[in-house]
Amino acid sequence: MTKKRPVNLDVSTFRLPITSYVSILHRVSGVALFFSVAIFLWLLETSLTSDQGFEWVGNMFGSPLMQFVVWACLSALAYHMVMGLRHLVMDMGYGENFESGQLTAKIAAAVATALILSIGGWIFIW
Amino acid sequence: MVTSITSLGRSGLSDWMLQRVAAAVMTAYVIFITAYLMVNPDLSYEQWRGLHSSLPMRMFSLMTILSIAAHAWIGMWCVFTDYVTVRLIGPKATIVRIFFQLSMITITLLYVVWAIDILWGM
């Protein structure tokens, strides 16, 4: 056990399949969501403590920077949720081999993209 | 048997289960809030406050923040124990990881207390 064994896990030399990318992004979005909880709690608190605060949240926060921050947080949430549902599908025994895993990764990525664009439309345009 | 003192459930299987139960609660919450905002496009401040001060909604929100805490704890633990390791960042990894984990746990508990303060202090 104490013998030094060779390790080759230089990920930068690998060509990764789509399943790897959606998995890594699932992690990245999860870590981002950990910090987003502060934003969500702050928005909830603001919307509940005063009429002006409620209006401010309801009218999409006035400033484009704040809109972008909320859009990014909600996008991370949408992506993480969709990829989490994909995990539940795999837990039930579907999509566990490489081909079907690639297929569910593509479907989930498409659904997540559609949700992220819809959220953007809701925040920035509507 | 190797056990970890910083994982939430102290066992991989219980963490696995907890992660999924917590995910289901959070998903239900997100779907509920989204649907509520969609069917009430002209939502008023009073109505919004009324919703969140009702006991069932307070319970639902509390369950959700507790789920967030459990889910985040387990998820962040996975990330830290995968990347903040002696092999990847050197001999100081263990102390750095413990620091990150304790910070994560502190932030998680602060979120829970903050949420309770919002829900019961309004």
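This is a predicted model: local features need pLDDT of at least 70, side-chain atom pairs count only at pLDDT 80 or more; totals for chains, interfaces and linings use all residues.
Trainee: How far apart are B:Gly9 and B:Gly75, in sequence and in space?

Mentor: The separation of B:Gly9 and B:Gly75 is 66 residues along the sequence, while from C-alpha to C-alpha they are 12 Å apart in space.

Trainee: Switching to the two chains, what area is buried between chain B and chain A?

Mentor: About 2,400 Å² is buried between chain B and chain A, and carbon and sulfur atoms give 74% of that area. On the side of chain B, the residues B:Tyr45, B:Tyr111 and B:Trp114 supply 26% of the area that this chain buries against chain A, which is more than any other three residues.

Trainee: How many residues does each chain put into the contact?

Mentor: Chain B contributes 29 residues to the contact and chain A contributes 24 residues.

Trainee: What about polar contacts, how many residue pairs are there between chain B and chain A?

Mentor: Between chain B and chain A the count is 10 residue pairs in polar contact, with both residues at pLDDT 80 or more. As for the elements involved, those giving two or more residues to the side of chain B that touches chain A are helix H1 (12-39), helix H2 (45-53), helix H3 (55-83) and helix H5 (93-121) of chain B.

Trainee: Which of them gives the most?

Mentor: That is H3(B), which gives 9 residues to the side of chain B that touches chain A.

Trainee: And how many salt bridges are found across the interface?

Mentor: The rule finds 2 salt bridges across the interface of chain B and chain A, and the count over all chains also comes to 2 salt bridges. One of them is formed by B:Asp82 with A:Arg27, whose closest N and O atoms are 2.8 Å apart. This pair crosses between chains, running from B:Asp82 in helix H3 of chain B to A:Arg27 in helix H1 (residues 18-49) of chain A.

Trainee: Why does the pair of A:Asp91 and B:Arg20 join two chains?

Mentor: Because A:Asp91 lies in helix H3 (residues 64-91) of chain A and B:Arg20 in helix H1 of chain B, the pair joins two chains. Their closest N and O atoms are 2.3 Å apart. A:Asp91 is partly exposed at a relative accessible area of 34%, whereas B:Arg20, at 19% relative accessibility, counts as buried.

Trainee: One last topic: which residues make the nonpolar surface patch?

Mentor: A:Leu103, A:Ile107, A:Val111 and A:Leu115 make a nonpolar surface patch of about 340 Å². Among them, A:Ile107 lies in helix H4 (residues 98-125) of chain A and is partly exposed, its relative accessible area being 48%.

Note on methods
Residues are numbered from 1 along each chain as its sequence is written. Chains are lettered from A and ligands numbered from 1 in the order in which they are written. Side-chain values use heavy atoms; hydrogens and water are left out. Patches are made of residues with over 30% relative accessible area and no salt bridge: like charges are joined within 9 Å, nonpolar side chains (Val, Leu, Ile, Met, Phe, Trp, Tyr) within 5 Å. Accessible areas come from the Shrake-Rupley method with a 1.4 Å probe; for residues, only the protein chains shown count as cover. A salt bridge is a side-chain nitrogen of Lys or Arg within 4 Å of a carboxyl oxygen of Asp or Glu. Helices (H or I, at least four residues) and strands (E, at least two) are DSSP runs, numbered from the N terminus. Buried means under 20% relative accessible area, exposed over 50%, partly exposed in between (1.4 Å probe, protein chains only). Contact means heavy atoms within 4.5 Å. Buried area is the accessible area (1.4 Å probe) that two parts lose on being put together, summed over both. A polar contact is a pair of N or O atoms within 3.5 Å; within protein, one must be able to donate a hydrogen and the other to accept it, and residues adjacent in sequence count only if both atoms are side-chain atoms.
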